[in-house]
Amino acid sequence: MRSPPAAAELSPMAVHGVAQTRAAVLGLGAYAPPKVLTNDDLARLVDTSDEWITTRTGIKRRHVAGPDQATSDLAVIAAQQALDAAAVRAQDLDLILVGTATPDMLFPATACLLQERLGAPQAGAFDLLAACSSFVYGLISAGQMLTSGLARTALVVGAETLSRLVDWKDRTTCVLIGDGAGAAVLGASDTGRGIYAGMVGADGSAGNVLKVPAGGSRMPMTREAIDRKLHRGYMDGQAVFKLAVRTVPGLIRETVARAGWTMEHVDLIVPHQANLRIIEAMASQLHLPMEKFVVNIQEYGNTSAASVPLALFEAVQGGRIHDDDRIVLAAFGGGFTYAACALVWGK
Ligand code: ACO
């Protein structure tokens with residue numbers, strides 16, 4: 001285990017003996033539906049193979065929601081687990097923020113459904129849509145609300161059922177995705193642990209590379225839209241790949257610099273799990289070994305907003321993250337959006 005960072009590195013205020021309040025993760029939870037689709041299962045649905053999917057993406061299996069499981073059903077399990085781990089009662093939450101591109105319905109927000117199901121009547125609740133970056137966007141946003149005093153305890157969830165949007169006859173997308181949920185309870189901390197820096201960004205000019213055209217106000221869900229499969233996810237995979245590799249390594253570097261650290265300080269990076277080759281390309285650009293990256297894409301595929309909290313949860317459970325470790329979360333997704341967060345682990 002690393003020793004805690006020196007006070008002067010924590011913040012200028014700490015040097016003067018006044019602890020700076022930061023938003024810290026008090027507890028984590030995660031959930032993936034029990035139904036699993038292997039690459040061989042998909043090879044029976046579309047013209048693909050375990051060999052193609054494994055070598056091009058790193059994915060071996062993905063979990064898929066059952067017909068009765070909506071996004072909030074996944075989210076509530078992860079959220080309750082995070083509350084239990086944090087020893088925080090739902091009724092003490094001030095804020096519930098759900099990052100999702102696959103809400104139960106257009107409104108009310110999935111966060112409001114969660115508020116009711118968890119029993120958190122004091123909590124403000126809203127959804128945040130930044131596609132696969134939603135959880136990291138949410139963590140940074142909730143963290144700001146905590147440090148500004150707008151909330152004392154917040155629940156941030158990334159939850160998706162992308163399997164509902166995917167065209168299961170399109171081999172270029174259906175092999176990539178999976179369903180899941182991850183949750184974090186945040187609280188204010190003056191121990192020197194918590195969020196040191198966060199960056200969010202977007203490039204709306206690249207919005208066309210990942211989209212679901214129908215179901216909104218531009219193109220309501222009509223019979224014609226469904227016949228043309230416009231309610232299904234569209235993706236230009238190579239464009240997404242290039243955007244991610246071009247954007248995220250610099251984003252990680254800048255976030256680490258804003259935290260006041262150097263790359264050598266970073267113990268572990270938890271990247272969005274979209275493609276193993278994207279993570280390898282990031283590692284190469286950052287001149288870091290793959291051991292510095294959490295990878296669990298082989299088990300879950302791309303779970304969009306759930307991917308970073310699922311990977312973070314598994315890294316903590318697997319003993320790869322300890323108190324006072326310096327962690328970077330980094331995500332990218334449709335929009336095109338990107339976000340990174342540097343934090344010292346622990347309460
Ligand atoms: N099985 C077999 N062959 C396939 C499959 C498949 N599942 N999918 C595509 N191919 C074929 C293509 O048709 C193409 O054939 P061709 O050469 O005869 O035209 C060939 O494989 C190569 O296709 P590419 O698109 O060049 O393959 P690439 O190496 O770029 O990998 C991939 C594609 C995996 C999609 C990659 O570009 C990627 O991971 N991009 C990022 C995707 C991402 O992050 N998406 C985010 C969200 S996913 C979502 O929201 C739905």
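Me: Why is Ala131 counted as buried in this predicted model?

Reply: Ala131 has a relative accessibility of 15%, and since buried means under 20% relative accessible area, Ala131 counts as buried. The residue sits in the loop between strand 5 (124-128) and helix 7 (134-147).

Me: What makes the phi of Ala131 worth a remark?

Reply: Most residues other than glycine have a negative phi. Ala131, although it is not a glycine, has a positive phi of about 50°.

Me: Where is Ser304 found, and what is said of its phi?

Reply: Ser304 belongs to the loop between helix 12 (297-300) and helix 13 (307-317), and its phi is positive, about 55°, although Ser304 is not a glycine.

Me: Why is Thr100 called buried, and which polar contacts does its side chain make?

Reply: The relative accessible area of Thr100 is 3%, and buried means under 20%, so the term applies to Thr100. Thr100 is in the loop between strand 4 (95-99) and helix 6 (110-118). Its side chain reaches the backbone nitrogen of Thr102 at 3.0 Å and the side chain of Glu160 at 3.2 Å; a polar contact requires a pair of N or O atoms within 3.5 Å, and the pair with Glu160 is such a contact.

Me: Which residues are joined by cis peptide bonds, and where do they lie?

Reply: Phe107 and Pro108 are joined by a cis peptide bond with omega of about 10°, and Pro108 lies in the loop between strand 4 and helix 6. Gly335 and Phe336 are also joined by a cis peptide bond, with omega of about -10°, and Phe336 is found in the loop between strand 12 (326-333) and strand 13 (337-344). As background, most peptide bonds are trans.

Me: How do you know that the ligand lies between domain 1 and domain 2?

Reply: Domain 1 (19-192) and domain 2 (196-293 + 306-344) both give residues to the shell around the ligand, so the ligand lies between them. The shell has 20 residues, the closest being Thr48, Arg56, Gln238, Asn275 and Arg277. By class, nine are nonpolar, seven polar and four charged. Helix 4 (50-57), helix 8 (171-174) and helix 10 (237-258) each supply at least two residues of this shell, and helix 10 gives the largest share, four residues.

Me: Why does the radius of gyration of the chain agree with a compact globule?

Reply: A compact globule of 347 residues would have a radius of gyration near 20 Å, and the chain has 19 Å, which agrees. The C-alpha atoms fill a box of roughly 65 × 45 × 35 Å along the principal axes, and the chain holds 13 helices and 13 strands. Buried residues make up 55% of the 347 residues.

Key: Residues are numbered from 1 along each chain as its sequence is written. This is a predicted model: local features need pLDDT of at least 70, side-chain atom pairs count only at pLDDT 80 or more; totals for chains, interfaces and linings use all residues. Side-chain values use heavy atoms; hydrogens and water are left out. A residue is near a molecule or strand if one of its heavy atoms lies within 4 Å of it. Ala, Val, Leu, Ile, Met, Phe, Trp, Tyr, Cys and Pro count as nonpolar, Asp, Glu, Lys and Arg as charged, and the others, Gly among them, as polar. Domain bounds come from an automatic or database domain assignment. The radius of gyration is taken over C-alpha atoms; the globule rule is 2.2 Å times the number of residues to the power 0.38. Buried means under 20% relative accessible area, exposed over 50%, partly exposed in between (1.4 Å probe, protein chains only). A polar contact is a pair of N or O atoms within 3.5 Å; within protein, one must be able to donate a hydrogen and the other to accept it, and residues adjacent in sequence count only if both atoms are side-chain atoms.
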